[in-house]
Amino acid sequence: MGRMESLLAALFPHKCFGCGELIEGTGYCCTACREKLLALTVSEACPRCGKPAGDCICAAFPDGFDRAAAPFLYHGPVRYGIHHYKYRHKRYYADFLSGFMAQVVKDRFGEIAFSGIVYVPMHWKKRNMRGFCPTKDLARGLSKRLGVPVAEHLLRHTGKGKAQMEQKTAAKRLENVRGAFEAVKGAKLDGGDYLLVDDVLTSGATAHRCACLLKGMGAGRVYVVTAATTGKES
Ligand SMILES: [Zn+2]
Ligand SMILES: [Zn+2]
C-alpha cells in the first residue's frame with residue numbers, strides 16, 4: 001500500500017461487502033466472504049438470459065434484450081452487499097462489483113464491440129435523496145475497465161411506478177415499468193450494439209423495457225449485465 005492509500009484506509013476504513021466487518025487496508029471483502037461469494041457464481045447459466053437453468057425467463061421475454069449475464073446469484077452476502085451499496089451509501093462497492101461485471105462481459109460477450117454503455121436510470125428526486133445513482137457508478141466502472149464510453153441522455157425515469165422489487169408478480173412488474181421508463185426526446189442511435197447496466201436482474205421486465213426503448217431509437221443488439229441475478233442456488 002502506498003502512503004496515500006494507507007492514510008485513506010485509516011481515515012475511511014472499508015467494510016466487508018458480504019458481512020459489514022471492518023476491513024484492513026483498501027480491500028472490499030474479508031476472506032470468509034470471498035469464499036462465499038465465489039460459491040454464488042452463476043454456474044450452468046442459460047446462455048441467453050444468464051439465469052440458472054430452472055429460472056430461465058426467456059419464454060416471458062423472447063425479444064427486447066438479446067442476452068443477459070451476471071457474475072452472482074442474488075443471495076446471502078451478495079444480497080447483503082448490494083443492499084448496502086444501494087441504500088447505505090457504500091458507494092465504493094461500485095469498483096468491487098464492476099470488476100466482476102467486466103469479467104463476465106469479457107467471458108460471455110467478448111466478441112461484441114460495444115458502441116456504448118447505458119445504465120438503467122433513476123428518477124432525479126431519488127438520486128438526490130440517495131446522493132448517487134448506483135447503476136451510473138457501475139456503468140462508469142465498466143467503462144473504465146472495458147474502454148467503452150457511457151452513453152448518456154438516452155433513457156429517463158419518469159418518476160412514475162414503484163420499486164420493481166416491491167412488485168410481486170410478473171404482470172405487475174411489467175405494468176410498473178411501462179410507465180417508469182421512457183426514451184429521451186430526440187435520442188437516436190446508429191445501429192451499434194449497446195451494453196445495458198442494472199444492479200439486479202429479477203423478472204427481466206426492466207431490462208426488457210429499457211432494451212425495447214433503446215432499439216426503438218436505433219440500437220442494434222442490446223446486451224444486459226447486472227451485478228447479480230435472482231434464481232435458485234445450485
Ligand atoms: Zn465478510
Ligand atoms: Zn433463459
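1. The buried residues of helix H3 are covered by elements that include helix H2 (31–39), strand S2 (72–73), helix H4 (93–109), helix H6 (134–146), strand S6 (194–201) and strand S7 (222–229). Helices (H or I, at least four residues) and strands (E, at least two) are DSSP runs, numbered from the N terminus, and contact requires that the C-beta atoms of two residues, placed from the backbone, lie within 7 Å. This is a predicted model, in which local features need pLDDT of at least 70 and side-chain atom pairs count only at pLDDT 80 or more, whereas totals for chains, interfaces and linings use all residues. Residues are numbered from 1 along each chain as its sequence is written, while chains are lettered from A and ligands numbered from 1 in the order in which they are written.

2. The residues of H3 that count as buried are Pro77, Val78, Gly81, Ile82 and Tyr85. Around the helix axis they cover an arc of only 130 degrees, which puts them on the same side of H3; the arc is that of the directions from the helix axis to the C-beta atoms. Burial is assigned by counting other C-beta atoms, placed from the backbone, within 10 Å of a residue's own: 20 or more make it buried, 12 or fewer exposed, and anything in between partly exposed. H3 itself spans residues 76–87, and its 12 residues reach 16 Å from the first C-alpha to the last, close to the 16 Å expected at 1.5 Å a residue, where the expected span is 1.5 Å times one less than the number of residues.

3. Two histidines deserve a look at the backbone. His89, in the loop between H3 and H4, has a phi near 55 degrees, a positive value in a residue other than glycine, and counts as partly exposed with 13 C-beta neighbours inside 10 Å. His153, in the loop between H6 and strand S4 (155–157), has a positive phi of about 60 degrees although it is not a glycine, and is exposed, with 11 other C-beta atoms within 10 Å. As background, most residues other than glycine have a negative phi.

4. Which residues touch the most other members of the largest nonpolar core? They are Val118, Leu196, Val197, Leu214 and Val225, in a core of 61 residues; such a core is a set of buried Ala, Val, Leu, Ile, Met, Phe, Trp, Tyr and Cys residues joined through C-beta atoms within 7 Å. The largest share of this core, 8 residues, comes from H4, and at least three residues are drawn from each of domain 1 (1–39) and domain 2 (41–229). Leaving aside neighbours within four places in sequence, Val225 is in contact with Ala69, Ala70, Met101, Val104, Val105, Leu195 and Val197.

5. Tyr119, in strand S3 (residues 116–119), is buried, with 26 other C-beta atoms within 10 Å. Not counting residues up to four places away in sequence, Tyr119 touches Thr135, Lys136, Leu138, Ala139 and Val197.

6. Helix H7 (residues 170–180) has Arg173, Val177 and Ala180 as its buried residues. Seen down the axis of H7, these fall within an arc of 60 degrees, so they line one face of the helix, while Ala171 and Gly179 are exposed on the other side. The cover over the buried residues of H7 includes S4, strand S5 (181–183) and helix H8 (205–216).

7. The domain assignment of the protein chain gives domain 1 (1–39) and domain 2 (41–229), with bounds that come from an automatic or database domain assignment. Their centres, taken over C-alpha atoms, are separated by 26 Å, and the contact takes 10 residues from domain 1 and 11 residues from domain 2.

8. Overall, the protein chain has 8 helices and 7 strands. Its radius of gyration is 17 Å, close to the 17 Å that the globule rule gives for 234 residues, so the chain is as compact as a globular protein of that length; the radius is taken over C-alpha atoms, and the rule is 2.2 Å times the number of residues to the power 0.38. Of the 234 residues, 41% count as buried, and among contacts between residues at least 6 apart in sequence, 73% join residues at least 24 apart.
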